[in-house]
Amino acid sequence: MDVMRIAAFSDGEQGGNPAGVWIGEALPEAETMQRIASDVGFSETAFAAPIDGGWRVRYFAPQTEIPFCGHATIALGAALALRHGDGDFALTLNHAWIGVAGRRDGATIAATLRSPPTRSAAADPALLERALALFGLDRADLDPRLPPAQIHGGADHLLLALRSRETLAAMRYNLDAGRTLMREAGWITIALVWAESPQRFHARNPFASGGVYEDPATGAAAAALGGYLRDAGWPHGGAVSIVQGEDMGMRSLLRIAIGTTPGEPVDVSGTARRMD
């Protein structure tokens, strides 16, 4: 089965988070999709087939299926634009209906996803303490302006906002312990962020729940962060940008457009580049 390899949220023709994209007339069996995703080896592979004027989509990490993946959705939007021309594409996920737009622009493709509804809540104290211990952090390392929270934009994540860029750069953890904690808590990733300014963040996203130490760009966590910033009354000015992957040597750029209505979806945009 042919799988396109596309880096989403690229920094021009460099960086980005690689995703696999499989497009066919009908989705394979779940076991087959899981095997393909494991063979591809990227943090996620998106599988898409036509349905009711749109596309039925499922996402698989190397070790498990996940409900929503932002960077693989951006990669899918790029792949659909390359195959079918620039356009807006309706996507049916396991538990949500979203959309992605793809526009070809030279060697890269600009893409924007419309996330599932967003929500956020205070982090469970016991799980928070375990997460801090996982990274060797304490509460003095956290930015008091953005309290720890469970955030959601199609999937659940733990948000930890840090006081300094240096603490973010020093992130280390045990993959097995992280996998156990994230799966018990139901977190797809743990999003560690540092606010360079009210409209510019730096992020790192451990993805141990899917068997991946770290993602260089995480659109689902970006969407959830956008919803959290709106709920928290953060002075986002309607949009924020995220720099991710710098500490991995895979610099990625994400932009979130944030509305004013509690719970509404957000738009996450970036560019994508072919890798094959």
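The structure is a predicted model, in which local features need pLDDT of at least 70 and side-chain atom pairs count only at pLDDT 80 or more, while totals for chains, interfaces and linings use all residues. Residues are numbered from 1 along each chain as its sequence is written, and side-chain values use heavy atoms, with hydrogens and water left out.

**Strands and their partners**

Helices (H or I, at least four residues) and strands (E, at least two) are DSSP runs, numbered from the N terminus. Two strands are said to pair if DSSP finds at least two bridges between them. Strand β1 covers residues 4-10 and strand β2 covers residues 17-23, and the two pair in the antiparallel sense over 5 bridges. Together β1 and β2 form a hairpin with 6 residues between them, and in the turn Gly12 has a positive phi of about 65°. Strand β1 also runs antiparallel to strand β17 (residues 267-274), to which 4 bridges join it; in this pairing Ala7 has Arg273 of β17 as its bridge partner.

Burial is judged by relative accessible area with a 1.4 Å probe and protein chains only: buried means under 20%, exposed means over 50%, and partly exposed lies in between. By this rule β1 is mostly covered, since 6 of its 7 residues are buried.

Strand β17 also pairs with β16 in the antiparallel sense, over 3 bridges, and here the partner of Ala257 is Asp267 in β17. Strand β16 is joined to β15 as well, by 6 bridges in an antiparallel arrangement, with Ser241 standing opposite Arg255 of β16. The residues of β16 (252-257) fall on two faces: Ser252, Leu254 and Ile256 make up the covered face, whereas Leu253, Arg255 and Ala257 make up the uncovered one.

Helix α3 spans residues 125-135, and its buried residues are Leu127, Leu128, Ala131, Leu132, Leu134 and Phe135. These residues cover an arc of only 155° around the axis, so they lie on the same side of α3; the arc is that of the directions from the helix axis to the C-beta atoms. An α-helix has 3.6 residues a turn, so residues three or four places apart point the same way. On the other side of α3, Pro125 and Ala133 are exposed. The cover over the buried residues includes β11 (156-162), α5 (175-185), β12 and β13, where contact means heavy atoms within 4.5 Å.

Leu137 is found in the loop between α3 and β10 (149-152). Leu137 counts as buried because its relative accessibility is 13%. Not counting residues up to four places away in sequence, Leu137 touches Leu132, Leu160, Leu162, Thr167 and Leu192. Leu137 and Leu162 are 25 residues apart along the chain, and their C-alpha atoms are separated by 9.6 Å.

**Spaces in the model**

On a 1 Å grid over the protein atoms alone, a cavity is a set of points where a 1.4 Å probe fits but cannot get out, whereas a pocket is an open set with protein on both sides within 12 Å along at least five of seven lines; lining residues have an atom within 4 Å of a point. Grid points are joined across faces, edges and corners, and a volume is the space filled by probe spheres set on the points. There are 3 cavities of 30 Å³ or more.

| Space | Volume |
|---|---|
| Largest cavity | about 60 Å³ |
| Second largest cavity | about 50 Å³ |
| Largest pocket | about 160 Å³ |

The lining of the largest cavity receives at least two residues each from β12 (189-197), β13 (200-207), α6 (219-231) and β15 (239-244), and α6 gives the largest share, 3 residues. Sorted by class, this lining has 8 nonpolar, 3 polar and no charged residues, where Ala, Val, Leu, Ile, Met, Phe, Trp, Tyr, Cys and Pro count as nonpolar, Asp, Glu, Lys and Arg as charged, and the others, Gly among them, as polar.

The second largest cavity is lined by 13 residues, of which Glu44, Cys69, Asp215, Thr218 and Ala220 lie nearest its centre. Its lining has 6 nonpolar, 5 polar and 2 charged residues. The lining of the largest pocket, which includes His95, Arg119 and His152, divides into 7 nonpolar, 4 polar and 1 charged.
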